[in-house]
Structure formats: structure tokens, C-alpha cells
Number of protein chains: 2
Amino acid sequence: MKIVLLQTGKTTDKHIAEVVDLYAGRIKKYSVFDIVTLPDLKNTRNMSVQEQKMKEGKKIIQSVSVDDYVILLDERGKELRTLEFSGWIEKIFMLPKKRIAFVIGGPWGFSDEVYGRADFRMSLSKMTFPHQLVRLLFLEQLYRVFTIIKGEPYHHE
Amino acid sequence: MKIVLLQTGKTTDKHIAEVVDLYAGRIKKYSVFDIVTLPDLKNTRNMSVQEQKMKEGKKIIQSVSVDDYVILLDERGKELRTLEFSGWIEKIFMLPKKRIAFVIGGPWGFSDEVYGRADFRMSLSKMTFPHQLVRLLFLEQLYRVFTIIKGEPYHHE
């Protein structure tokens, strides 16, 4: 199954971008994996938060297909321990889906339309982190999960 | 009150080290803040995990004083939301202590001696992250907390 990370806006911090690339490269040794960056909205200064979320949401919806299993990375989602996440990913791999699409939204969260489309909402932490850092955390964790599935000695409890 | 981050071993990833420095610099605008790096143990190849934890633990204990409020960053500690963390830090500031010492241990966790000395154990996530990344997360969160306490517009729920 293919894995895609959908994210809004480029990773502008060049140091974080380097570490993101490092983990993305590692993940590609285990799975077909792409990062799809949706362009930032333009002229947001004249838009309400609600309007920004709605417009961003439409772009997210357009970027996923009916064959995708859509997982939102969302502060209010379910928190999993690393081994739970790994066991759960293995179950998703068994589903008759073409892709797993992980979605990291902008700083305002997701629109109702996106929440409606999601198959699952997961949280990396109860704490709020900048979304650029969330990308890094997520990629490290996805890499970690593959090493667990393959029985490699990266993770220990 | 002074704040210190006690950590074991240098941050060897130079990109993560750059972002760590960035947040440490930001924190220093709000508080006296130091990062104290305990040297890595030597000849660990012939040591059991238990022995490594014990030796590392002794160095941690030697680095804190009776006047310190000691907080361990520990996967099994209490998870706080960002605003809870911020409210709680404000309470710690009221205590008759000289320093708050946050401690990030090595990959094997802490010795019983360190757990015994700790005033509080907090967790940034249910998931396991590399301790170098934990440093980065922690510093971003500490910076975020100061912006909340000062009423600055960095954080939004």
C-alpha cells in the first residue's frame, strides 16, 4: 500500500526540512511514500479563520480519493503508544485501500468537511506544537513503526 | 527562578542542534536558562542496561541541589495540555525553590534513585521519540509557555 503525507505549506525552517528529508528517505526504504504539499492560501489577511479552514479543507478533499484511508493528525485525536500505532498500521495495510493518506493541517485545524471525510483522527501529543515540528515528529514515528514491523533494533520500550 | 535543562550526551544531529539553539535563545529572553549536558558514559559495551541507568542516575543526582524542583521528562509521566503546562509552571514559579531542573535521560530511562528524587514526572507524548528530538520538543514547549504567560500571540488553541 502507498503512503502519502498531505501537508499545507512548505517546511520553511531549513534545518527542520533537512531532518524531515532524512526521515522521508529512510521511510522510502520500506514503502512507497510521498509528501504532497498543498500551497498556502493567498490573501488570508482578508479571510476569517473559518473561511481559511474551509478553503484549505476543499484542497485537502480534492487531494484524496475514495480509495484512500484518510488519517488526520489532530490534537484532539486518539493518542496511541508507539507499539499500538505500529500494530494498528499493520491492520490498515490489510484493508482493501490503495493508499493511506496522513494529513497535517495548518495552524487552525481542519474544516468540518475534512473531519467528515476522515477515517481516523490521531494525535501525537496532548501538547500543541508548530505544524512544521509535527511533520518531523510524524515522520520519525512512521520510520520507527517500519523498523518495529521489520523487527529491526531501532525502537526499545 | 532559574531554569535548567539537564541532558545526557550532546545533540549530535547538527540540524536538530541548530533548532535547539534557536529555541534556547528565545527562552533566554524570558528567563535565566541553561542547558547542562552530562557527558555520555564511557565503555558502555560491557555494562548492563541496569548498570548504565544507575551510573547515569548518579551523575544526574550530583547535578541537582536540594533547592531544585526536579521534573523528569519521562514517557510514563503525566501528560499535560499546553495550557495546563503553562498554568502549572506559573505555580512552580511561586515555590520557594532556586531552580526548576528539567531532566531528559538517555534511551533507557531513569534509575530508581532518580525517580526517587524527582518532584514531578511529565510526558510530552505517549509515543517514544529519540531523546534528541525530545529536547527540541521540550524547548519549543517551554518557549510557548513563556509566550502564553506573557500574553503574546504565538500560541492559539
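**Entry 1: the interface of chains A and B**

I began with the interface of chain B and chain A, where the search returned 10 residue pairs in polar contact, both residues at pLDDT 80 or more; a polar contact is a pair of N or O atoms within 3.5 Å, where within protein one must be able to donate a hydrogen and the other to accept it, and residues adjacent in sequence count only if both atoms are side-chain atoms. On the side of chain B that touches chain A, the elements giving two or more residues are helix H1 (14-27), E3, helix H3 (82-93) and H5 of chain B, with helices (H or I, at least four residues) and strands (E, at least two) taken as DSSP runs numbered from the N terminus.

I note that this is a predicted model, in which local features need pLDDT of at least 70 and side-chain atom pairs count only at pLDDT 80 or more, while totals for chains, interfaces and linings use all residues. Residues are numbered from 1 along each chain as its sequence is written, chains are lettered from A and ligands numbered from 1 in the order in which they are written, and side-chain values use heavy atoms, with hydrogens and water left out.

I then looked up the extent of the contact, which takes 34 residues from chain B and 34 residues from chain A, contact meaning heavy atoms within 4.5 Å. The two chains bury about 3000 Å² between them, 60% of it on carbon and sulfur atoms; buried area is the accessible area (1.4 Å probe) that two parts lose on being put together, summed over both. Arg81(B), Lys126(B) and Met127(B) supply 22% of the area that chain B buries against chain A, more than any other three residues.

**Entry 2: salt bridges**

Using the rule that a salt bridge is a side-chain nitrogen of Lys or Arg within 4 Å of a carboxyl oxygen of Asp or Glu, I found 18 salt bridges over all chains and 4 between chain B and chain A. I looked at the pair Arg81(A) and Glu75(B), whose side chains meet in a salt bridge at 3.4 Å, N to O. I also recorded a network of salt bridges that links Glu79(A), Lys126(A), Glu79(B) and Lys126(B).

Within chain B, Glu79(B) and Lys126(B) form a salt bridge through their side chains at 3.5 Å, N to O. This pair links distant parts of the chain, with Glu79(B) in strand E3 (residues 68-79) and Lys126(B) in the loop between strand E5 (120-123) and H5, 47 residues apart. Glu79(B) is buried at 12% relative accessibility, while Lys126(B) is partly exposed at 31%; buried means under 20% relative accessible area, exposed over 50%, and partly exposed in between (1.4 Å probe, protein chains only).

I next checked Glu113(B), which forms a salt bridge with Lys58(B), the closest N and O atoms being 3.4 Å apart. Glu113(B) lies in helix H4 (residues 112-117) and Lys58(B) in helix H2 (residues 49-63) of chain B, so the pair ties together parts that are 55 residues apart in sequence. Glu113(B) is partly exposed with a relative accessible area of 37%, and Lys58(B) is partly exposed at 41%.

**Entry 3: around His155(B)**

I located His155(B) in the segment after helix H5 (131-149) of chain B, where His155(B) counts as buried at 13% relative accessibility. The residues that His155(B) touches, not counting those up to four places away in sequence, are Thr128(A), Thr82(B), Leu83(B), Arg144(B), Thr147(B) and Ile148(B). With Arg144(B), the side chain of His155(B) makes a polar contact of 3.0 Å.

Arg144(B) also meets Glu140(B) in a salt bridge between side chains at 2.9 Å, N to O. Both residues, Arg144(B) and Glu140(B), lie in helix H5 of chain B, 4 residues apart, about one turn of the helix, and both are buried.

**Entry 4: the sheets**

In chain A I read an open sheet of 5 strands in the order E2-E1-E4-E3-E5, with parallel pairing; two strands pair if DSSP finds at least two bridges between them. Its edge strands are strand E2 (33-38) and strand E5 (120-123) of chain A, each pairing on one side only. Strand E1 (residues 2-8) of chain A is joined to E2(A) by 6 bridges, the two running parallel, and Gln7(A) stands opposite Thr37(A) in E2(A).

In chain B I read an open sheet of 5 strands, ordered E2-E1-E4-E3-E5 with parallel pairing, and its edge strands are strand E2 (33-38) and E5 of chain B. E3(B) and E5(B) pair in the parallel sense over 5 bridges, and Lys78(B) stands opposite Met122(B) in E5(B).
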